[in-house]
Amino acid sequence: MLQCIFLLSDSGEVMLEKQLTGHRVDRSICDWFWDHVISQGDSFKSQPVIASPTHYLFQVVREGITFLACTQVEMPPLMGIEFLCRVSDVLSDYLGGLNEDVIKDNFVIVYELLDEMIDNGFPLTTEANILREMIAPPNIVSKVLSVVTGNSSNVSDTLPGATGSCIPWRAAEPKYANNEVYVDLVEEMDAVINRDGALVKCEVYGEVRVNSHLSGLPDLTLSFANPSILDDVRFHPCVRFRPWESHQVLSFVPPDGEFKLMSYRIKKLKSTPLYVKPQLTSDAGKCRVNVLVGIRNDPGKTIDSITLEFQLPPCILSADLNSNHGTVNILGNKICSWTIGRIPKDKTPSLSGTLLLETELERLHVFPTFRVGFRIMGVALSGLQIDKLDLKTAPSRLYKGFRALTRAGEFEVRS
Amino acid sequence: MAPPAQSQRSPSPSQPSGKSEVSDLKLQLRQLAGSRAPGVDDSKRELFKKVISYMTIGIDVSSLFGEMVMCSATSDIVLKKMCYLYVGNYAKVNPDLALLTINFLQRDCRDEDPMIRGLALRSLCSLRVANLVEYLVGPLGSGLKDSNSYVRMVAVMGVLKLYHISASTCIDADFPSILKHLMLHDSDTQVVANCLSALQEIWSAEASTSEEASREREALISKPVIYYLLNRIKEFSEWAQCLVLELVTKYVPSDSSEIFDIMNLLEDRLQHANGAVVLATIRVFLQLTLSMTDVHQQVYERIKAPLLTLVSSGSPEQSYAVLSHLHLLVMRAPYVFSSDYKHFYCQYNEPSYVKRLKLEMLTAVANESNTYEIVTELCEYAANVDIPIARESIRAVGKIALQQYDVNAIVDRLLQFLEMEKDYVTAEALVLVKDLLRKYPQWSHDCIAVVGNISSKNVQEPKAKAALIWMLGEYSQDMQDAPYVLESLVENWDEEHSAEVRLHLLTAVMRCFFKRPPETQSALGAALAAGIADFHQDVHDRALFYYRILRYNVSVAERVVNPPKQAVSVFADTQSSEIKDRIFDEFNSLSVLYQKPSYMFTDKEHRVPLEFADELGNLSIGEAANNVVPTQMVEENDKDLLLTTSEKEETKGSRNNGSAYTVPYDGSSTSVFASQAQVESAVSNPTLAGHSPQASFAIDDLLGLGIPATPAVPSPPQLKLNTKAALDPSTFQQKWRQLPVALSQEISVNPQGVAALTAPQALLRHMQSHSIHCIASGGQSPNFKFLFFAQKFEESSNYLVECVINTSSAKAQVKIKADDQNTSQDFSTLFESALSKFGTS
């Protein structure tokens with residue numbers, strides 16, 4: 001089981017230390033860890049599980065903050081890693097983002113949260129909904145409230161009802177004047193396209209996010225028009241398994257507020273909404289670049305926030321790149337970023353220019369990979385469609401909302 | 001509290017140095033302590049916050065303990081929490097002052113707010129001061145009976161904390177049986193889960209001394225308990241589910257219908273959003289069906305999709321952990337994942353530790369049907385910006401080539417790599433072509449044509465250069481200008497810094513000489529002369545050996561250097577299947593990530609810092625992932641054949657340099673060319689056995705080391721030890737308990753030895769060269785403790801040694817235990833002589 005958790009800033013400073021068991025872990029382990037990270041080049045390269053001379057360390061880096069946990073006994077590795085990921089999720093949810101200052105300003109809350117999330121090295125509650133009832137988040141409302149009422153405690157007086165209920169994710173019956181439930185399909189398309197335009201791999205990772213404000217104990221059923229296209233699914237604990245097994249229907253009592261109902265994966269998609277055609281020809285110490293971007297398969301809605309990014313190979317001395325649409329920037333770390341936005345009706349956006357190679361190089365041997373970003377509102381590119389959402393014993397006034405969104409995940413084009 | 005440990009790392013200018021601020025705080029706290037003015041809580045809160053933040057950055061604020069306790073009389077829960085936190089941190093170092101807190105904590109334990117009751121109880125148990133345990137029993141007892149589940153949940157964990165402070169108090173208060181009752185009857189699942197984890201820990205610890213406890217521990221994995229927990233599993237929190245699932249893996253179902261019941265019940269856990277639950281469930285499935293081959297295969301099919309989803313949808317850290325497990329599975333069932341190879345394609349943005357595992361997966365799932373696609377994809381990575389990954393992917397192509405029977409397309413690809421004009425690509429490809437040629441000599445014509453075009457000047461990396469030189473020697477009859485290339489390399493002998501390359505160069509020139517004598521003769525002369533004058537021991541020895549064997553008989557020399565070779569059919573695997581099975585048994589544990597069974601890296605009594613002897617310890621424990629081991633063993637085999645037994649003792653000392661014999665080996669490749677090594681040595685053996693003694697004596701003379709080195713041993717011991725002895729730590733522990741002490745004595749260590757002991761590794765290496773292996777070492781100056789073992793040659797009789805060296809008195813306390821008591825005296829002499837030589841050699 002975990003013995004200690006440290007939060008380190010991006011300069012290796014210990015921002016927070018939480019000892020979990022009677023066996024105190026000395027802070028010097030952080031120095032060892034930091035030296036190790038530095039010797040690896042950067043923290044992105046060092047493995048999530050490291051054996052130090054005295055402890056086994058789990059590390060998860062989020063927004064420059066390293067969550068470090070120590071143990072000396074054998075344990076399931078994913079438990080350590082998942083837990084740290086949850087801690088970072090809960091903290092960023094509570095503090096409205098993660099960075100060094102926000103942690104330092106709110107370290108008392110962080111301590112309080114950790115206290116409820118793990119006891120004696122064993123994780124307890126990591127549901128943000130439940131924690132929120134035990135420890136109020138530090139928002140403006142509660143600050144104003146504390147000034148007005150003079151009650152400065154940010155801890156609610158009551159214990160969360162759910163600790164006693166048999167539905168651990170739902171607090172005891174809330175009441176709403178307006179009953180609302182929103183369902184969002186959010187998809188990310190991961191694709192790899194070869195230099196000849198062939199699709200090497202294309203799949204969609206999607207999530208069904210629900211935001212529910214329903215009184216009492218609502219029992220919902222959500223069904224899809226075409227559930228057979230789903231390759232693999234993962235559910236929030238509230239989803240009942242049998243109805244899904246027998247007729248692919250999601251039946252559940254939702255937690256209150258926002259949560260991820262389900263995530264899914266759909267593989268072997270046949271086409272992408274955009275095409276990107278890079279051309280690189282090099283001779284005599286120069287490389288001519290020409291990249292075209294256009295719509296391959298019109299999804300029916302506008303594709304916006306299109307961006308294209310690539311790392312210039314280290315052997316390039318200088319680059320002169322221009323586009324006929326959007327803006328091109330070359331960032332300090334030799335990343336070239338082209339912001340296109342929407343594709344105009346009258347022309348095909350193109351990026352062109354020349355790269356100057358190092359003096360002794362004739363031709364370019366390392367070819368950049370282009371990373372593409374885009375967003376399409378109103379469409380789930382996988383084709384997954386929600387059929388209907390039903391509520392058993394529907395209240396008199398119920399508003400149901402549905403949305404869909406697709407954006408690029410790891411969308412890569414090789415050259 | 002530790003001093004500010006991070007201070008050497010650029011403390012921010014605003015960071016207070018400590019002293020004056022702390023006394024300032026002390027004063028302010030004192031003023032507030034008695035005050036009941038309105039708003040006092042807010043100012044207290046600010047102060048407490050400051051104290052805690054000092055504590056967090058590592059400033060010692062323990063001197064405020066008294067004031068903090070005085071200020072703790074408050075109804076503000078945040079203040080209370082901060083106070084609990086402070087008290088929990090410093091109580092251990094201030095046991096006397098901790099007594100002051102007991103009062104208010106006990107009062108809070110009776111508060112009407114369950115939240116405060118719970119928090120107070122948790123803090124009370126977290127004080128961990130041994131002489132305060134008497135105050136714990138009461139609050140814990142009532143906490144366990146509390147009407148609120150939050151308090152009960154905290155109390156259960158409190159019992160476990162109490163157990164760790166004072167086991168007898170915990171047992172005497174009969175807490176375990178209360179927990180057992182709660183576990184089976186409480187309505188709240190978190191209470192149940194906490195009981196389970198507490199009981200597991202308590203009874204496992206008690207089991208060694210009490211039969212009743214071990215019976216109770218067994219009862220936890222009995223059918224009624226398991227079924228009770230399984231039936232409620234959906235109510236448990238995700239982490240508690242992991243705990244229950246872990247318990248289920250220990251349960252042995254009575255028949256197959258029970259197995260199917262459990263699997264049906266747990267099937268939906270595979271769809272859980274928490275990866276830890278999914279992996280724990282998979283472990284249960286795999287364990288349950290181990291004996292049912294058909295079902296086991298179906299399980300692989302069933303778990304495939306959830307695992308792949310975890311890989312592609314989780315954070316990189318999660319992908320890493322899951323991929324490590326997949327790697328283990330794919331070794332056992334490669335065909336299951338062979339159609340899903342696209343999941344293991346690397347994404348540009350992934351961290352390299354994930355990419356590396358994915359490359360391994362791609363190598364593992366490659367078969368006849370998908371090789372083309374996989375190799376095409378891998379070739380893309382060869383042009384990757386990330387050079388280490390580019391290298392790895394070329395190696396992966398090579399590994400696939402060595403696995404496959406149809407290597408047609410792959411060879412073409414590899415040869416294309418050679419033409420890519422990137423130095424690291426060429427280097428990796430050369431090493432691969434060399435390995436490939438050893439397995440598929442029929443490809444030599446195609447390869448040699450391309451390799452011949454590579455200028456040796458463009459190859460700088462030692463491994464690649466060695467590979468190129470090996471090919472020049474091996475195929476000199478097919479390469480027009482081989483003798484001249486070799487000759488120019490010999491001319492630049494002094495500029496060649498790598499001993500490995502020089503060794504290969506010597507051998508290659510020898511081989512070339514036998515194939516094309518007139519063209520090579522002058523190069524050979526120059527090479528031998530340069531080699532004999534070389535400062536590197538191995539190069540020198542080999543040059544001298546060639547020289548002498550050539551003088552003795554040229555045809556014998558040819559049989560030694562250029563024997564007919566068999567193609568290598570199977571490259572030996574570095575990891576034994578036994579170890580793989582062991583890791584598989586520890587599925588869903590850290591072992592999988594480290595690719596070692598846990599006995600190789602975890603320490604049972606982790607509270608005593610006893611560190612495993614690294615590298616060398618592992619060498620003796622078994623053929624771990626450390627790939628140098630098998631190579632060394634092959635060498636040792638060779639030498640065993642070459643030398644008469646009487647000389648082994650003398651040569652052992654110099655063996656550790658990892659000298660290469662004529663076996664061309666590649667330290668970084670995971671395969672060992674075992675079969676060929678044996679062929680070569682078998683051929684060379686008969687003629688050499690009779691002549692080598694003189695040769696090696698002569699070498700000794702030449703070096704001025706001479707035979708007189710041996711008389712330093714007090715009496716030449718008759719005992720022969722096994723150089724490759726292996727013993728695992730648990731056996732060691734068991735034997736150490738069973739055997740009586742055969743000998744106990746004090747040996748003085750010579751001053752040079754003491755000086756060399758600044759790093760314990762040096763001693764381990766030294767003893768290893770005397771066939772005495774270290775199993776564990778630890779301690780700090782001046783006292784070092786070592787546990788050694790040795791095995792009698794060709795017998796499985798073990799000697800176990802505990803050796804405590806005090807560097808200030810230069811004495812070693814030695815305890816020896818032996819399976820065979822009669823030889824313990826001999827062993828002791830041997831040990832003493834080995835130890836006495838430490839630092840002098």
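Q: Is B:Glu500 buried, exposed or partly exposed?
A: Partly exposed, since its relative accessible area is 23%. Keep in mind that this is a predicted model.

Q: Which side chain does B:Glu500 meet in a salt bridge?
A: That of B:Lys463, at 3.7 Å from N to O. The pair links distant parts of the chain, 37 residues apart. B:Lys463 sits in helix H26 (residues 462-474) of chain B, and B:Glu500 in helix H28 (residues 499-515) of chain B.

Q: And how accessible is B:Lys463?
A: Its relative accessible area is 31%, so B:Lys463 is partly exposed.

Q: Which side chain meets B:Lys465 in a salt bridge?
A: B:Glu496, with 2.8 Å from N to O. B:Lys465 is in helix H26 of chain B, while B:Glu496 is in the loop between helix H27 (482-491) and H28. They are 31 residues apart.

Q: Are B:Glu496 and B:Lys465 buried or exposed?
A: Buried, both of them.

Q: Which residues are joined into one network by salt bridges that share partners?
A: A:Lys18, A:Asp115, A:Glu116, A:Asp119, B:Arg122 and B:Lys161. One salt bridge between the chains is B:Arg122 with A:Glu116, at 3.9 Å from N to O.

Q: How many salt bridges are there between chain B and chain A?
A: The count is 10. Over all chains, the structure holds 45.

Q: Give me another one from chain B.
A: B:Lys223 and B:Glu258 meet through their side chains, 3.9 Å from N to O. B:Lys223 belongs to helix H13 (residues 223-231) of chain B and B:Glu258 to helix H15 (residues 256-266) of chain B, 35 residues apart.

Q: Why does B:Lys223 count as partly exposed?
A: Because its relative accessibility is 41%. B:Glu258 is buried, with a relative accessible area of 3%.

Q: Back to the interface. What area is buried between chain B and chain A?
A: About 9,000 Å². Carbon and sulfur atoms give 54% of that. On the contact side, 105 residues of chain B touch 99 residues of chain A.

Q: What about chain B as a whole?
A: Chain B has 841 residues, and 58% of them are buried. It contains 42 helices and six strands. Take the contacts in chain B between residues at least 6 apart in sequence: 67% of these join residues at least 24 apart.

Q: Which domains is chain B divided into?
A: Domain 1 (455-561) and domain 2 (721-837). Their centres, taken over C-alpha atoms, are separated by 43 Å.

Q: Pick a helix. How far apart are the end C-alpha atoms of helix H18 in chain B?
A: They are 24 Å apart. H18(B) covers residues 316-332, and its 17 residues should span 24 Å at 1.5 Å a residue, so the two agree. 14 of the 17 residues are buried, so H18(B) is largely enclosed by the rest of the structure.

Q: How many residues of helix H41 in chain B are buried?
A: Seven of the 10, so H41(B), residues 760-769, is largely enclosed by the rest of the structure. Among the buried ones are B:Leu763, B:Leu764, B:His766 and B:Met767. Just after H41(B), B:Ser771 takes a positive phi of about 65 degrees.

Q: Switching to chain A. What does its domain assignment give?
A: Domain 1 (4-149), domain 2 (179-269 + 381-414) and domain 3 (274-377). The C-alpha centres of domain 1 and domain 2 of chain A lie 30 Å apart.

Q: Now strands. Which strands pair with S21 in chain A?
A: Strand S16 (residues 303-311) joins S21(A) through six bridges, antiparallel. There, A:Phe310 has A:Phe370 as its bridge partner. Strand S23 (residues 398-414) also pairs with S21(A) in the antiparallel sense, over six bridges.

Q: Why is S21(A) largely enclosed?
A: Because seven of its nine residues, in the run 369-377, are buried.

Q: Last one. What does A:Val208 touch?
A: Leaving out residues up to four places away in sequence, its contacts include A:Val183, A:Leu222, A:Phe224, A:Phe259 and A:Tyr264. A:Val208 lies in strand S9 (residues 199-213) of chain A. It counts as buried because its relative accessibility is 0%.

Conventions. Residues numbered from 1 in each chain as written. Chains lettered and ligands numbered in written order. Predicted model: local features only at pLDDT ≥ 70, side-chain atom pairs only at ≥ 80, totals over all residues. Heavy atoms only, no water. Buried < 20%, exposed > 50% of the residue type's maximum accessible area, 1.4 Å probe, protein only. Helix = DSSP H or I, 4+ residues; strand = E, 2+ residues; numbered from the N terminus. Pairing = 2+ DSSP bridges. Expected span 1.5 Å × (residues − 1). Domains from an automatic or database assignment. Contact = heavy atoms within 4.5 Å. Buried area = accessible area lost by both parts, 1.4 Å probe. Salt bridge = Lys/Arg side-chain N within 4 Å of Asp/Glu carboxyl O.
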